[in-house]
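This briefing is arranged by topic and is meant to be read beside the model. The lead sentences come before the grouped points.

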Amino acid sequence: MADILMRHDFDVQGRNFDKAGEVSSEIKVILKGLGIDSKIIRRVVVVSFEAEMNVTMYADKGTIVFELTDRNILLTISDEGPGIPDIEQALQEGYSTAPDEMRELGFGFGMGLPNMKKNSDEFEIDSVVARGTTVHARIGHNA
Ligand SMILES: Nc1ncnc2c1ncn2[C@@H]1O[C@H](COP(=O)(O)OP(=O)(O)OP(=O)(O)O)[C@@H](O)[C@H]1O
Ligand SMILES: [Mg+2]
């Protein structure tokens, strides 16, 4: 395992839509400050934003851990929440259990997890029903 050069831990509150997206904005600022390629930044921010939204929408609370190595950006998003009973189904484009009030806010297209996977070089979901969900994403960089 390569050395972790930088680590930031963030909290995400479930159901607090006023704060949703703040962690991803902070991660974007950090990556810009590091001079990471803008295409890589975009991919990392898609993953962190969609993960942050899922914690906000579905879970009670969660954390996002951002880690940087010389070659990779690692995101670990863990939450305490309902968990995902069928991960394969959740990963399908268009699958969503979002209620109508969230669709009215412009969420619930069932595209978050598929887009997170597409934008990652490595992507893994672990979930326990009635406990919570952990998502690991690795995005390579060569800055
Ligand atoms: N952290 C989570 N905890 C519990 N269920 C989740 C979590 N993340 C995703 N899910 C489940 O997986 C489904 C698909 O998630 P995904 O992010 O792809 O779509 P969405 O959140 O419904 O819509 P969108 O992301 O397009 O706004 C969700 O509707 C929900 O049922
Ligand atoms: Mg989502």
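**A buried threonine and its surroundings**

T76 has a relative accessible area of 16% and is therefore buried, the cut-off being under 20%. The residue belongs to strand β3, and the model in which it is described here is a predicted one. Leaving aside neighbours within four places in sequence, T76 is in contact with T63, I64, V65, T134, V135 and H136, and its side chain is joined to that of H136 by a polar contact of 3.4 Å.

**The sheet**

- An open sheet is formed by 5 strands, which follow one another in the order β1-β2-β3-β5-β4 with antiparallel pairing.
- The edges of this sheet are taken by β1, residues 6-13, and β4, residues 122-128, each of which pairs on one side only.
- From one strand to the next, the twist averages 10°.
- In general, the strands of a sheet are paired through backbone hydrogen bonds, in either a parallel or an antiparallel sense.

**Strands β1, β2 and β3**

- The antiparallel strands β1 and β2 are joined by 8 bridges, and within this pair Q13 stands opposite K61 of β2.
- On the side of β3, the bridge partner of K61 is E80, and β2 and β3 pair in the antiparallel sense, again over 8 bridges.
- The strands β2 and β3 also form a hairpin, in which 3 residues lie between them.
- Strand β2 is mostly covered, since 6 of its 8 residues are buried.

**Strands β4 and β5**

- Strand β4 is joined to β5, which spans residues 132-140, by 7 bridges, and the two strands run antiparallel.
- Two of the facing positions can be named here: F123 stands opposite A137 in β5, while V128 stands opposite G132 in that strand.
- The hairpin of β4 and β5 has 3 residues between the strands, and in this hairpin A130 takes a positive phi.

- Helix α1, residues 22-33, lies across β1, β2 (61-68) and β3 (72-80), and its direction is at about 165° to that of β1.
- Helix α2, residues 38-58, lies across β1, β2, β3 and β5, and runs at about 5° to β3.
- Is S48, a residue with a relative accessible area of 0%, buried or exposed? S48 is buried, because a value of 0% falls under the 20% cut-off.
- S48 is found in helix α2, and its contacts, with neighbours within four places in sequence left aside, are S24, I27, I64 and L75.

**Positive phi values in two loops**

- R15 has a phi near 65°, which is a positive value in a residue other than glycine, and R15 is placed in the loop between β1 and α1.
- At 48% relative accessibility, R15 counts as partly exposed, because this value lies between the cut-offs of 20% and 50%.
- A130, likewise a residue other than glycine, has a positive phi near 70°, and A130 lies in the loop between β4 and β5.
- A130 counts as exposed because its relative accessibility of 65% is over 50%.

**The surroundings of ligand 1**

- Ligand 1 is surrounded by 22 residues, of which the closest are Y58, D79, S96, T97 and G108.
- Which distance separates a polar side-chain atom of Y58 from an oxygen atom of ligand 1? The separation is 2.8 Å, and on the side of Y58 the atom is a polar one of the side chain.
- For G108 the atom concerned belongs to the backbone, where an N or O atom lies 2.7 Å from an oxygen atom of ligand 1.
- A polar backbone atom of G112 is 3.1 Å from an oxygen atom of ligand 1.

Methods: Residues numbered from 1 in each chain as written. Chains lettered and ligands numbered in written order. Predicted model: local features only at pLDDT ≥ 70, side-chain atom pairs only at ≥ 80, totals over all residues. Heavy atoms only, no water. Pairing = 2+ DSSP bridges. Helix = DSSP H or I, 4+ residues; strand = E, 2+ residues; numbered from the N terminus. Axes fitted to C-alpha atoms, helices over the stretch in contact; angles between N-to-C directions. Contact = heavy atoms within 4.5 Å. Near = heavy atom within 4 Å. Polar contact = N/O pair within 3.5 Å; in protein donor to acceptor, adjacent residues only side chain to side chain. Buried < 20%, exposed > 50% of the residue type's maximum accessible area, 1.4 Å probe, protein only.
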